[in-house]
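Below are my notes on the two-chain model you sent. They are meant to be read with the coordinates open.

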Amino acid sequence: MAEFGNQLMGVKNWETRDLLVVAALGIVPGLALLPVVFAGFTIRAALGPLGTVLNSGLFYLPGLMALYIVRKPGASILNGIFVSLVWIPLTPFGLAVAIPSVIARIGSEIPFLFTRYRRYDSGMMAASGASAGLLALGAIYIPSSFQTLAIPVQVGLIVGHGLSGALLSGLLGKLLADKLADTGVLSAYSVVDDVEA
Amino acid sequence: MRVELPDQGDKGGVLQRLNPVSKLLAITPVMGLLMLVTDPYTPLAFVVIGALVTVVLDGISLVRYLRVAAPLVALAASFVFIYPFVVSGPSGTTSEILVSLGPLRVREAGLWVGAATGLRILALSVLSLLFVLTTETESFLRALVQTLSVPYKIGYSAMAAFRFAPMLQSDIERVRAAHTVRGVPDNNGLRDRLYRVRSYAIPLFVNTIRRAERTALAMDARAFGVFDDRTHYHTQSVGWRDVGFVILFWTVSAALVGTLWQLDALGTLTILR
């Protein structure tokens, strides 16, 4: 257990390569997701609160990919910090988007924490995405006055965010990472064992 | 849309020369409070203060500021239009009906919640603009490492990875050229764009991961992360200017909240309700 605790805390145990890969997986999709951030606000403006369900899952996608590839505790959170570092200076929503995004990453780590970061299958990825979606929703619930909405709308929001996270970040993230593993670029990581099996 | 990054080599406004951490420290308590207020007056007051501080203290041209802020105002306005239709609750059913349009009724309470929420989001964004428009990413990273003692391995990995961003453009060009050579039509319709997102994702990720691994090797070769402490080429310190700014901002904010309290304009906070 002590070893596990060390593994959780120590950035020192991270090889430079892992750090750079997690950072690159944050910064590049972070830039690619910028249009989604802006489109998200437009969708939300046009469709109301339920509109966020359509794209919210995409925001945790890089984190789940990083965690699935590097397989170290905290990879998703660290990736979230890197994504936020892109968003803080490049979007006017900056901090307002960055904080829920980091909270979502904490959510994505919870299911893996329960299995002590040993299982990496579709079920885990979906659970992790759903958990990220729900925690992210929790972070924006009160600032967006969602508690004042009609009950069916609230239920729709909660279910929708969970599903959006599970599909758009969990399963899509696994799909992308598996395809990446097929190319051979991830030969240094244990993802390739899963794909070959 | 892309926010232009200020160049710190220029003269720069007062805010640009502050330590980024002090700017964060100044706005964080106010943002925390704004997340909880339920009346529209407090956010409105902070929208004005935030915009004034950014434009006056930093000397950003008003036109540029308005261009960045315009979509935010549009977003805030959308809340006023949409919330009246989706808000429920006892307060919604007893309040006065303003407009009746078939089965849809716009009630005063719904409009009130919409205005409060829209202005709250606007105020949060305006405050974050105060930081965003006046801070360069690299000086923010340096400040995180030097002032907040974030592990430098994280800070400098981020800085190294930031260098990948401009290369993304040339990567896209190259993948596109490779596709064209192999006979993929090079059109610009919506369907082609969607197709491109799908078929470019993997090659772009591959390029990025390879680049990250090469960069990591180069950094390792230069003994990155071997020692706990390190020296810095650019130093980021906390000066009297930073302390002054934080105290001034906090005082003005507290005075504002106090005044609103006196005027009975400060609604109940969400946690107290």
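1. B:S149 sits in the loop between α7 and α8 of chain B; helices here are DSSP runs of H or I of at least four residues, strands are E runs of at least two, and both are numbered from the N terminus. Its phi is positive, about 40°, although B:S149 is not a glycine. B:S149 counts as exposed, with 9 C-beta neighbours inside 10 Å. The cut-offs are 20 or more other C-beta atoms within 10 Å for buried, 12 or fewer for exposed, and partly exposed in between, with C-beta atoms placed from the backbone.

2. A second residue to check is A:R71, which is not a glycine and has a positive phi near 55°. A:R71 belongs to the loop between α5 (61-70) and α6 of chain A. It is partly exposed, with 16 other C-beta atoms within 10 Å.

3. This is a predicted model, in which local features need pLDDT of at least 70, side-chain atom pairs count only at pLDDT 80 or more, and totals for chains, interfaces and linings use all residues. Residues are numbered from 1 along each chain as its sequence is written, while chains are lettered from A and ligands numbered from 1 in the order in which they are written.

4. How confident is the predictor in the complex? The ipTM is 0.83 and the pTM is 0.78. Chain B averages a pLDDT of 81, and 85% of the residues score at least 70; pLDDT is the predictor's confidence in each residue, from 0 to 100. Within chain B, helix α11 (residues 240-262) has the highest confidence, at 91, and helix α5 (residues 90-94) the lowest, at a mean of 47.

5. A contact means that the C-beta atoms of two residues, placed from the backbone, lie within 7 Å. Where pLDDT is low, the predicted coordinates should not be read in detail.

6. Chain A has ten helices and zero strands. Of its 197 residues, 58% are buried. Among contacts in chain A with a separation of 6 or more, 73% join residues 24 or more positions apart.

7. The contact between the chains takes 40 residues from chain A and 57 residues from chain B. On the chain B side, α10(B) gives the most, with 15 residues. By class, that side has 37 nonpolar, 13 polar and seven charged residues. Here Ala, Val, Leu, Ile, Met, Phe, Trp, Tyr, Cys and Pro count as nonpolar, Asp, Glu, Lys and Arg as charged, and the others, Gly among them, as polar.

8. The helix α8(B) is mostly covered, with eight of its eleven residues buried. Among the buried ones are B:Y152, B:I154 and B:A161. Their cover includes α2 (16-32) and α6 (75-90) of chain A, together with α7, α9 and α10 of chain B.

9. The largest nonpolar core has 118 residues, and those with the most contacts inside it are A:V22, A:A24, A:F82 and B:A161. Such a core is a set of buried Ala, Val, Leu, Ile, Met, Phe, Trp, Tyr and Cys residues joined through C-beta atoms within 7 Å. α6(B) gives the most to this core, with 16 residues. Domain 1 (14-143 + 236-272) and domain 2 (150-221) of chain B both give residues to this core, so it lies between them; the domain bounds come from an automatic or database domain assignment.

10. Not counting residues up to four places away in sequence, A:V22 touches A:A66, A:V70, A:A75, A:L78, A:N79 and A:F82.
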